[in-house]
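Biologist: Hi, could you walk me through this one? I'd like to ask about a few details as we go.

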Amino acid sequence: MAHVLIIDADAAFAQLVAGIAEGLGHRASRAAGLVEGRLLADDADVIFLAATLPDGNGVGAMPGLRALPGQPEIIVTAEGGDPDGAERAIRHGAWEWLRKPLPADRVVLPLLRALDYRARLPAQRPSSRLKHSIVGVSTAIRRCLDVVAEAAGSDATALVTGETGVGKELFARAIHDNSPRAAAPFVAVDCASLPRSLAGSILFGHRKGAFTGADSNRDGLVLQADGGTLFLDEVGELPLSMQKMFLRVLQEHRFRPVGGRTEITSDFRLIAATNRDLEDMAERNTFRSDLLYRMRTVVVSIPPLRERCEDVTALAGHYLPRIWARFALPEKDISPDFHETLLAYHWPGNVRELIHTLERAVLASQDAPKLFARHLPDYLRICLARAAARNGAATPAGYGGLGGPSCLYGAGERAAPAPQGGNATEVTDGADGTRGHRPANGPAAAARTANGQAGGAPPAMQAGGTAPSVSQIVAPGQAHPGQARPAPPVSPGWGPRAPYAIYTSPHYAPSPERAAPLQPPVPPGSTQQGNASGGNGDDAIPFGQTGLAGLPPHATGDGDGLQASPVTGMCTASGASSAEAPRTAAPFADGLPRFFDFRDAQFTTYLHELMRRAGGDIRAACTLSGLSRSHLYDLLRKHGVPPR
């Protein structure tokens, strides 16, 4: 008899699912919120989880529920369409995403299939039998190791994806070392460093006299991998001409060396790795789609370190003793603030950056018997200090809850118990004592209002990375007439898996002192209108209708001058004081939109405006937004914005 748990505030739907489960001979439990559901979930086999709950976001709580000892299967239910939410749910391991209202058969079939799947699970996880040197305790890493175990049991082509520094080659070697080809060679090819003129010779070999300097026969890397594994690192950098040649080699396992007359057979197993979005490249015709289809039989997607912060401490504990031994230093004690700082940083370089940071800290400590945060590199501490200054609070060590510790590099808030009868979590800002409320889960952050202030402060950063309009940004010590000084922006997400946290974090906003003006500042005494859209502005997005955090307002050659705001790095119209800034209508005057619709619209608006100002140039768009190339491509693909 299985245990079916329904976590849903909709009492009628919960009663329906419970009745179906009990009619099938299983035990059913119901909970109206996440907190109550977590208490009942320890022995659950299947969980029906609502995407939106009174005390939080169900999709955001999935990693914590999936990490339970029973590893329950989760069926997510939601009212209304939310493609991004459905994608996040599947990435977090959901069995299925169902949209309400549901007929009874749409409830019964997923339940029966999930229970049948659990009944046939092996006693041990496939990854428990792996031989590897991968360090990690998070649920995400355990899922990756399960996929590695599946790939190791066959000769199927595997594609390992992930950002730079996550350890893609380490996972590729784990697949090879646990496969029947473990005793054969593992031949790695760095596609990014292949010279275009010699790529064919390096991969396929050449015969004597094939070209100038070919004074003897030479076997290529493909032949050297015969019987073993050929690892193509950074396969997205492979030239298009070589992709066409390699397509047939992958299909037939036969090739002809440069200058050769006969074909040679090589029995190799292919593993490829990339930090680029190959699907997006295929859409832009910079990577062959037919080669992509042949490479991704098994896909291992390694999450970045910022999304599995529980692994930071494990990695530090693994590498520090090795660093001490390599530098012939005695072991040192570790201060709590050392770990807290490691957890608070966002690690754009992932595990590779963490290892080098630990080496630097050990060298900086010299003969000190204990490691403190003071020993960490200055750039890391400056990054966190700047984020704390923007948020007006000290950097936290971590947040509690179902998601585990936080690694939101600059989230300057501390959680307090939610008020009774509400679904928000109170936030205390340690710098100025202001208070506000935010949802218990999800990326939205509510505006904070100072106690005792007269008048209402402008809203702080809204859900999904939106920000106050340019007209609401004022310089230090200034305020609109009759308005209190705006509260500092709140970090847009929290928890190790906060959706879009990496894209909307203040760390990715331009630094105020480095924000270059679009046009030279207007000399003092110049008289100009406060129309920041410039010119006629027909194609610009008006102020007050969007909140484009970090982007300078649009301007044309004959428009108004713009200069960077010393507060946020955003641009405001020079020559117009904050009191003259255009006033906008009250937000949501026509009714409050659905949260996810509003968020998606803001993301799409931002991306369209970003690509318009960058003129379709990805490099310029990355410079303007502060996003990395891979992050930007991912956002453009998710929101259907053409890159050019």
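Modeller: Happy to, and what follows goes from the whole chain to single residues.

Modeller: This is a predicted model, so to speak of local features we need pLDDT of at least 70, side-chain atom pairs count only at pLDDT 80 or more, and totals for chains, interfaces and linings use all residues. Residues are numbered from 1 along each chain as its sequence is written, and side-chain values use heavy atoms, with hydrogens and water left out.

Biologist: Good to know. How many helices and strands are there in the chain?

Modeller: The chain has 20 helices and 24 strands. Those are DSSP runs numbered from the N terminus, helices being H or I with at least four residues and strands being E with at least two.

Biologist: And how much of the chain is buried?

Modeller: Of the 644 residues, 50% are buried. Buried means under 20% relative accessible area, exposed is over 50%, and partly exposed is in between, with a 1.4 Å probe and protein chains only. The chain exposes about 29,000 Å², and carbon and sulfur atoms supply 52% of that area. Accessible areas come from the Shrake-Rupley method with a 1.4 Å probe, and for residues only the protein chains shown count as cover.

Biologist: What about contacts between residues 24 or more positions apart?

Modeller: They account for 68% of the contacts in the chain with a separation of 6 or more. A contact here means heavy atoms within 4.5 Å.

Biologist: Changing topic: how many salt bridges does a search of the whole structure find?

Modeller: It finds 25. The criterion is a side-chain nitrogen of Lys or Arg within 4 Å of a carboxyl oxygen of Asp or Glu.

Biologist: Which residue forms a salt bridge with R296?

Modeller: That would be E279, with the closest N and O atoms 2.9 Å apart. R296 lies in the loop between α12 (289-295) and β16 (298-301) and E279 in helix α11 (residues 278-283), so the pair ties together parts that are 17 residues apart in sequence. R296 is partly exposed at 31%, and E279 is partly exposed at 39%.

Biologist: Let's look at α18. How many residues does it have?

Modeller: It has 19 residues, and its first C-alpha and its last are 27 Å apart, close to the 27 Å expected at 1.5 Å a residue. The expected span is 1.5 Å times one less than the number of residues. Buried residues in α18 include F596, F598, F603, Y606 and L610.

Biologist: Where's the salt bridge of E609 in all that?

Modeller: E609 pairs with R612, their closest N and O atoms being 2.7 Å apart. Both lie in α18 (residues 595-613), 3 residues apart. E609 is buried at 2%, whereas R612 is partly exposed at 29%. There is also a network of salt bridges linking D84, R599 and D600.

Biologist: What comes just after α18?

Modeller: G615 does, with a positive phi of about 65 degrees.

Biologist: Which residues other than glycine have a positive phi?

Modeller: Among them is A328, at about 55 degrees, in the loop between α13 (310-326) and β17 (333-334). W347 also has a positive phi, near 55 degrees, and lies in the loop between α14 (336-344) and α15 (350-365).

Biologist: Are those two buried or exposed?

Modeller: A328 is exposed at 68%, and W347 is buried at 0%.

Biologist: Which residues does a cis peptide bond join?

Modeller: K100 and P101, with omega at about -5 degrees. P101 is in the loop between β7 (96-100) and α5 (104-119).

Biologist: Last one: how many disulfides does the structure hold?

Modeller: It holds 0, taking a disulfide as a pair of cysteine sulfur atoms within 2.5 Å. As for cysteines, C191 is buried at 1%, and C383 is buried at 16%.
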